[in-house]
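Here are a few friendly notes to read alongside the model. Please keep the structure open as you go through the points.

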Amino acid sequence: TFALAIWGGSLVRMSISAVPFLLPLMLQLGLGFSPFQAGLMLMAVFAGNLAMKPMTTSVLRRYGFRRVLIVNGLINAVTIAGIAVAQPLWLLCIGLFIGGMSRSMQFTAINTLAFADVPQSQMTNANTLFSAAFQLAIGLGVALGATACRAGEVLAQTGDGAMPFRIAFLLIALTPLIGVAGSLGLSREAGLETVLPFVTKNSRDS
């Protein structure tokens, strides 16, 4: 469970961290939004974050970590890819809201599952390593977004200023799918008995 949280969780964090970097750029450079308008669009993501918090514990208790990480991971990938094709604007807002809910659930599940099988004597070292990997993945997410955007510029064949960003979101959406594949090896009971009492706390921390 700790290895999954480090490797699969880092891929999820990278893809999610790339969204707040690329989305305002696409809205401003590709769709002509003002910086203020583009920034306001991110509120839909964080509104979804907040809306998911009260449901996190009950969802994990009912469905288990394995199923949540797989199904919610797929939803996360779809919502990222959906940014590339969402039209009109209200549909994009709905997609960002759902993406925010998915992001919150995935972060909480990964953060909680990470320490399910870690002995108490190794908890300090595990927490240090996990925190370092968490911060590294956030930084790599910006690098992933920049690299995907550059690839989008190379692949775009039209004069549409938003097309490189649309391609970038499609490329970024592939990243969390690798983490989903890693979750297939989890047992159905993984983390349920040892960490559910701490889900609410980790939900706030994520």
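**Notes on the helices and cores**

1. Let us begin with methionine 41, which counts as buried at 8% relative accessibility; buried means under 20% relative accessible area, exposed over 50%, and partly exposed in between (1.4 Å probe, protein chains only). Methionine 41 sits in helix H2. Helices (H or I, at least four residues) are DSSP runs, numbered from the N terminus.

2. A word on the basis of these notes: this is a predicted model, where local features need pLDDT of at least 70 and side-chain atom pairs count only at pLDDT 80 or more, while totals for chains, interfaces and linings use all residues. Residues are numbered from 1 along each chain as its sequence is written, and side-chain values use heavy atoms, with hydrogens and water left out.

3. What is methionine 41 in contact with, leaving aside its neighbours within four places in sequence? The partners are Leu27, Phe33, Leu89, Leu92, Cys93 and Leu96, where contact means heavy atoms within 4.5 Å. Methionine 41 and phenylalanine 165 are 16 Å apart in space, C-alpha to C-alpha, and 124 residues apart in sequence.

4. Next, the cores. The largest nonpolar core has 29 residues, and those with the most contacts inside it are Leu23, Ile83, Leu96 and Phe169. H1, helix H2 (35-52), helix H4 (89-113), H5 and H6 each supply at least two residues of this core, and H1 gives the most, with seven residues. A nonpolar core here is a set of buried Ala, Val, Leu, Ile, Met, Phe, Trp, Tyr and Cys residues joined through side-chain atoms within 4.5 Å.

5. Leucine 96 deserves a look of its own. Leaving aside its neighbours within four places in sequence, leucine 96 is in contact with Leu23, Met41, Ala44, Val45 and Ile83. There is also a second, separate core of 26 residues, which includes Phe107, Phe115, Phe130 and Leu186.

6. Helix H6 (residues 163-172) is mostly covered, with seven of its ten residues buried. Those buried residues are Pro164, Phe165, Arg166, Ile167, Ala168, Phe169 and Ile172. They pack against helix H1 (2-30), helix H3 (56-82), helix H5 (123-155) and helix H7 (175-183).

7. How do H1 and H2 meet? Their axes come within 9 Å and cross at roughly 140°; axes are lines fitted to C-alpha atoms, for helices over the stretch in contact, and angles run from 0 to 180 degrees between N-to-C directions. That makes H1 oblique to H2, since angles under 35 degrees count as roughly parallel, over 145 as roughly antiparallel, 65 to 115 as roughly perpendicular and the rest as oblique.

8. At this contact, Pro20, Leu23, Pro24, Leu27 and Gln28 in H1 meet Pro35, Ala38, Met41 and Leu42 in H2. By class there are eight nonpolar, one polar and no charged residues. Ala, Val, Leu, Ile, Met, Phe, Trp, Tyr, Cys and Pro count as nonpolar, Asp, Glu, Lys and Arg as charged, and the others, Gly among them, as polar.

9. H1 also packs with H5, at an angle of about 40° and with their axes 7 Å apart.

10. Finally, valine 59 is found in helix H3 and is partly exposed, with a relative accessible area of 22%. Leaving aside its neighbours within four places in sequence, valine 59 is in contact with Met52, Gly64, Val68 and Met105.
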